[in-house]
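Welcome, and take a moment to look over the model below.

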Amino acid sequence: MKEGKRVIAHCTQPIGDMAGTWANETEDNYGYYQYGDYDMSHTGDPRQDMEYERHYASQSYIVPEVIKNFLLHFQQVIKEQNLVEIQNNYENGFNKLTDRFFKTSAWPSAKVIAPIVGNEERFLILYNELFFRHVYARVSSGPSLDQRFDSYYNYCSLFNYILNAEGPVPLELPDQWLWDIIDEFIYQFQAFSIFRHKSSNKKTEDDIELLRTNPKIWNVHSVLNVLHSLVEKSNINKQLEVYTSGGDPDSVAGEFGQHSLYKMLGYFSLVGLLRLHSLLGDYYQALKVLENIDFNKKSLYSRVPACQITTFYYVGFAYMMMRRYQDAIRTLSNILLYIQRTKTMFQNRTQLYDQISKMNDKMYTLLSICLVLHPMRIDESVHSHLREKYQEKMNRMQKGEMAEFEACFAFACPKFLSPVPPNYDLMGANAPQHKEPFQLQLLVFKEEVEQQIQVPTIRSYLKLYTTLPIAKLAAFMDMSDDELCTHLMCFKHKMKNLVWIKGTSGLEGEFQSASEVDFYIDKDMIHIADTKVARRYGDFFIRQFHKFDEIMRSLKAT
Amino acid sequence: MAEAMQATVASLLKGIDRYNPENLQTLERYVAMQASENTYDLEANLAVLKLYQFNPSMYQTGVTATVLLKALTNLPNSDFILCKCLIETGRLGEEPVAKVLKLAEFLETAHFQDFWLALMEDPDLLIGILGFEDSIRKFVCHVVASTYQTIRKDKLRILLGNISDAQTSQWISKYGWREQQDGYVFVTTQDENIKTKNITEKISFDSVAAIMASGR
């Protein structure tokens with residue numbers, strides 16, 4: 001373990017420096033590199049340590065030949081910068097061997113494989129990235145505290161290598177991998193935040209002591225700093241600006257930004273910031289960081305499906321929280337349609353497929369919440385799936401059942417987190433601290449829903465009439481005329497949303513009411529405007545034509 | 001002053017420096033300035049709340065309450081929600097923040113009369129916030145304008161906070177509404193914007209072109 005540690009330790013320093021010269025000055029515990037006296041190879045738990053030794057001491061673990069060959073080949077193609085082969089090893093080779101040898105156990109540690117790959121630092125960092133990601137995803141006991149720490153150091157090494165070089169580093173990786181790096185980096189930060197807030201019996205006294213004395217590891221400032229640094233280094237915002245106006249992004253990209261590695265990491269970091277801000281409940285910043293991305297349009301940056309889906313999920317969610325239902329509905333149905341059309345492409349990539357399916361369900365749930373609150377027409381095929389799978393939930397929400405709103409929200413929302421360490425002294429007390437951030441977002445959501453809980457009932461009455469005296473509706477609703485007028489104004493206020501019209505900034509927009517049922521009051525009379533939709537046949541026939549045409553052609557071919 | 005400050009603050013909010021707790025004092029001063037000079041900067045105010053979120057020991061209830069009250073002046077925008085999402089649950093129950101939350105609920109549900117009553121009970125809440133009431137009246141007018149074609153002048157007067165008849169007339173003329181003989185105020189011709197929509201199917205030539213080609 002010693003060697004691996006040395007590499008990591010000396011690399012970590014600069015990112016700590018960047019993490020905020022100010023932070024180091026203001027508070028001592030903002031420093032990021034005071035972990036030297038902590039021996040990372042020991043957990044303090046003898047039983048665990050023994051297991052660790054047994055598994056990883058190189059003399060007792062012999063790396064199978066096939067793994068050796070794989071690693072050497074992998075190393076070779078990265079050295080040669082053969083992108084196609086890197087991608088092949090990354091997406092197929094690694095996963096196949098995982099299924100064969102390491103379904104639920106960890107790959108050999110970097111220390112074990114170091115002699116095989118000639119101690120090449122860069123390869124070992126990249127290997128570690130895969131190693132820890134696999135530990136998080138597949139190893140049944142999950143990552144140990146040490147592994148959480150080590151993985152953090154490994155990310156520091158990786159980002160320091162990329163960011164602190166004098167010129168662009170000679171490395172290119174497939175877009176998918178680069179996306180996965182950013183995605184995993186935030187995921188592990190999220191997992192760590194939740195872990196340290198959780199008062200589970202899995203954490204020993206020593207663990208808590210370690211967490212207490214190492215507040216800089218997986219600190220929110222360092223994570224933000226990495227993402228901001230990648231954004232700045234790549235000039236990605238300027239590049240996107242020029243790209244949207246039809247110019248050549250390379251003209252403003254600068255020395256680093258012209259390289260695909262920096263450009264893509266910069267772009268993915270923007271999406272990473274969107275996610276991070278959302279997890280902290282900062283929806284304004286979440287949308288603001290995407291200011292220069294025209295995500296309503298396909299672009300050369302949108303080739304990684306998982307990134308696309310993540311982007312739209314968080315944007316849709318932010319819009320929902322901001323009571324911009326129309327925008328949320330548009331965003332979510334766009335991506336759901338995209339998933340519907342492309343889903344078969346991922347069928348043979350199990351992990352990705354599972355991930356996408358999960359997001360798919362979450363987004364349908366969000367969409368059903370939004371459509372209950374703000375009924376409007378959406379794409380026919382998305383709508384029919386919704387009717388099939390979510391009709392019951394929607395009915396319950398329509399009836400004003402708060403429990404259903406709550407359940408849907410809890411299922412579909414991101415895993416919110418707190419940016420600060422918990423009060424370790426209160427660990428195990430009644431209030432589960434890791435739930436706090438979720439409770440807050442749920443509270444805000446619920447209060448919003450409660451404020452408009454009468455709207456669906458009023459709407460259902462309005463739908464039946466073209467004109468309706470105020471007094472009559474008040475009698476239906478069992479309230480005074482004045483009270484009803486208040487509810488009608490509330491209806492109007494809640495249904496008039498800011499709606500995005502044009503430009504790349506998702507924060508801008510103008511007020512519109514596009515809900516199915518609209519009305520106005522003239523003296524004592526409510527005048528109602530409904531939306532009547534004629535049945536659509538054309539689409540159905542066109543699809544049938546195409547189908548038959550396909551059949552005919554394949555018949556002819558045989 | 002606040003305008004001059006805006007540029008300075010904007011530079012403080014660039015990149016990673018946004019999270020620098022050393023800027024907090026400046027930003028808090030800027031919040032107070034917005035209140036006393038009736039200007040508004042959502043992004044800066046959110047940055048304050050974010051710094052509180054990252055540094056809970058620096059939290060100040062008074063500043064938070066001001067930020068929230070200022071967010072109300074920007075209704076019908078959902079700024080208030082954006083702010084609320086950044087404040088710890090435990091803090092939401094503290095005064096005066098809890099009172100502001102109550103006010104917000106009245107406004108969000110169009111219970112304007114209750115809003116003005118609650119405000120009367122706590123006049124201290126608004127100390128140092130210039131133009132708050134008029135900002136709320138703008139919001140009331142916004143909701144009225146989207147709900148009514150005609151509204152009783154007396155009702156409008158109450159919604160605007162039980163102001164005098166003359167003041168009501170001022171608001172009416174400000175928005176170009178018209179007082180009628182029968183005690184009603186004509187707001188706008190709603191039937192031009194709000195009418196039943198019939199969505200019928202339109203099939204474009206492009207979508208059938210492929211079929212026609214294959215049918216040759």
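A salt bridge here is a side-chain nitrogen of Lys or Arg within 4 Å of a carboxyl oxygen of Asp or Glu. With that in hand, turn to chain B of this predicted model, where the side chains of Glu94(B) and Arg91(B) form such a bridge, at 3.3 Å from N to O. Glu94(B) is partly exposed, with a relative accessible area of 26%, and Arg91(B) is partly exposed too, at 22%.

Over all chains, the structure holds 28 salt bridges. Glu129(A) and Arg133(A) are both buried.

Now for a bridge between chains. Glu108(B) and Lys494(A) meet through their side chains at 2.6 Å, N to O. Glu108(B) lies in helix α7 of chain B (residues 97-108) and Lys494(A) in helix α24 of chain A (residues 481-495), so this pair joins two chains. How accessible are the two partners? Glu108(B) has a relative accessible area of 4% and is therefore buried, while Lys494(A), at 0%, also counts as buried. Elsewhere, salt bridges link Lys288(A), Glu291(A), Arg18(B) and Glu43(B) in a network.

Let us step back to chain A as a whole. Its secondary structure comes to 25 helices and six strands, and 56% of its 558 residues count as buried. Take the contacts in chain A between residues at least 6 apart in sequence: 72% of these join residues at least 24 apart. The accessible surface of the chain comes to about 24400 Å², and 51% of that belongs to carbon and sulfur atoms.

Lys435(A) is found in the loop between α20 (402-412) and α21 (436-451) of chain A. Its relative accessibility is 39%, so Lys435(A) counts as partly exposed.

Our last stop is Ile158(B), in helix α10 of chain B, residues 153-159. Ile158(B) is partly exposed, with a relative accessible area of 26%. Which residues does Ile158(B) contact, leaving aside neighbours within four places in sequence? They are Gln113(B) and Trp116(B). Val63(B), by contrast, is 95 residues from Ile158(B) in sequence and 31 Å from it in space, C-alpha to C-alpha.

How values were computed: Residues numbered from 1 in each chain as written. Chains lettered and ligands numbered in written order. Predicted model: local features only at pLDDT ≥ 70, side-chain atom pairs only at ≥ 80, totals over all residues. Heavy atoms only, no water. Helix = DSSP H or I, 4+ residues; strand = E, 2+ residues; numbered from the N terminus. Buried < 20%, exposed > 50% of the residue type's maximum accessible area, 1.4 Å probe, protein only. Contact = heavy atoms within 4.5 Å. Areas by Shrake-Rupley, 256 points an atom, 1.4 Å probe, with all protein chains shown as cover.
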